[in-house]
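Dear colleague,

Please find below the structure that I am handing over to you.

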Amino acid sequence: MTEPWSDSQKSLLEAARRFAELSLRPRPASADFDRWAWDACAREGILGASLPSDWGGGAHDALTTVGLFEALGRGGGERGLLFAMSAHLFGVAVAVSRFGSEAQKDFWGGRLARGGAVGALAITEESGGSNLSDMTTIAEDGEAGVRIRGAKTLVTNGPVADLFLLIASENPRRGLLGLTAFLLPRDTPGLCVKPLTPTLGLAAAPMARLELRDCLLPKEAILGRSGGGFAVIKVSMQWERTCLLAGFLGAAERDLNGCLKYVRGRRVGTGSLYDHQAVSHRLAHQRCRLEAARQLLYRGALAIDRQEDPLLWPAMVKLFVSEFIIGCAEEILRTYAGSGWLDGHGAGTALRDVMALVSASGTSDVMLNIISACIK
């Protein structure tokens, strides 16, 4: 790809990087959801980057939005915060902007774009994981509304969410075609939110288990149409699998540059640690992979903007970029050696955080299944 940014976009991305550098200072790895940083990012327009301008959003395309999140990561944005914002924007808010009724948009749009309401996507179940066809959360239509029972797990932002985008089955015999999406407010009677702690990393993106004990929703809570849940999932997953990784990629570049500075300054005999080929070649390999991952990420964002295949490109981005980010964090920790074990450079914290990408938005094995099905 050629340079994708115009002069105005470059200014926008540099402003985001500087904002992160000056305002989003690292916190202890055990720190939880950072409401102050969330509100600061909302004021900067990050939470509404790709949302309509009449909501107070930036109305940016996917490529520009990816650039913004990458710049935040490069500038020092904490990975847990980046993950929480991505789950909110790409998993929930984008779907509401695409499928919401006018009433839903009027009520939730501005709140989501300006950060007044935190969104959480509730799909995963303990028994099924990524197997949507066997979903056990059931929605039953009745005269009083839709009654939902079941449970969800690993819901990012769950403990602090104001709005859940919930997927349930109205007709289990129809599999994917029986799924329906619902907008579920936190104060819905019968909804029990149980925080999941501790987690391996990303403490600033808290997770929860949801128990739905005959939750009664009006039919107006359906997002899109009855039986149209899979269409909602495809949009959420297209954005999430592609754009979720942008902030992590920027953070990987930041960490790689920090590691390079360290080995250049570390004296070994008469030279620097970087003079050893085993070290310099390791970092050279990571730099090449970083650039390859970036180009694939941008191409995936362009696929959203061009309305191309909503399954193939997100799966390729998620597979390749997530595995690069995890591998890069491991190689950086290996390069720091004993110094990394003390975690003064943040390499250990980074590795714990990025391990979430093993399963977030689908495992690598699931991505390979999607890719192979798309190219056959």
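Glutamate 140 and arginine 149 form a salt bridge, in which the closest N and O atoms are 2.9 Å apart; the term means a side-chain nitrogen of Lys or Arg within 4 Å of a carboxyl oxygen of Asp or Glu. Both partners are partly exposed, because glutamate 140 has a relative accessibility of 38% and arginine 149 one of 37%. On this scale buried means under 20% relative accessible area, exposed over 50%, and partly exposed in between, with a 1.4 Å probe and protein chains only.

Please note that this is a predicted model, in which local features need pLDDT of at least 70 and side-chain atom pairs count only at pLDDT 80 or more, while totals for chains, interfaces and linings use all residues. Residues are numbered from 1 along each chain as its sequence is written, and side-chain values use heavy atoms, with hydrogens and water left out.

Glutamate 140 also has a place in the strand pairing. It stands opposite arginine 147 in strand 3. Strand 2 (residues 138-142) and strand 3 run antiparallel and are joined by five bridges; they form a hairpin with two residues between them. Strand 3 in turn pairs with strand 7 (residues 207-217), again in the antiparallel sense, over eight bridges. In that pairing, isoleucine 148 stands opposite cysteine 215 in strand 7. Two strands count as paired if DSSP finds at least two bridges between them. Helices (H or I, at least four residues) and strands (E, at least two) are DSSP runs, numbered from the N terminus.

The whole structure holds 23 salt bridges. One of them joins arginine 74 to glutamate 253, with the closest N and O atoms 3.0 Å apart. This pair links distant parts of the chain, since arginine 74 lies in helix 3 (residues 62-75) and glutamate 253 in helix 6, 179 residues apart. Arginine 74 is partly exposed, with a relative accessible area of 29%, whereas glutamate 253 counts as buried at 10% relative accessibility.

Glutamate 253 meets arginine 294 in a further salt bridge (2.5 Å, N to O). Here helix 6 is linked to helix 7 (residues 277-305), and the two residues are 41 residues apart. Both glutamate 253 and arginine 294 are buried. Salt bridges with shared partners join Glu70, Arg74, Glu253, Arg287, Glu291 and Arg294 into one network.

The largest pocket contains about 1,200 Å³ of space. It is lined by 47 residues, and the closest to its centre are Thr124, Ser359, Ala360, Ser361 and Gly362. A pocket is an open set of points on a 1 Å grid over the protein atoms alone, where a 1.4 Å probe fits, with protein on both sides within 12 Å along at least five of seven lines; lining residues have an atom within 4 Å of a point. Grid points are joined across faces, edges and corners, and the volume is the space filled by probe spheres set on them. Helix 6 (229-265) gives the most to this lining, with eight residues.

The protein has 11 helices and 10 strands. Buried residues make up 54% of its 376 residues. Along its principal axes, the C-alpha trace spans about 80 × 45 × 40 Å.

Yours sincerely
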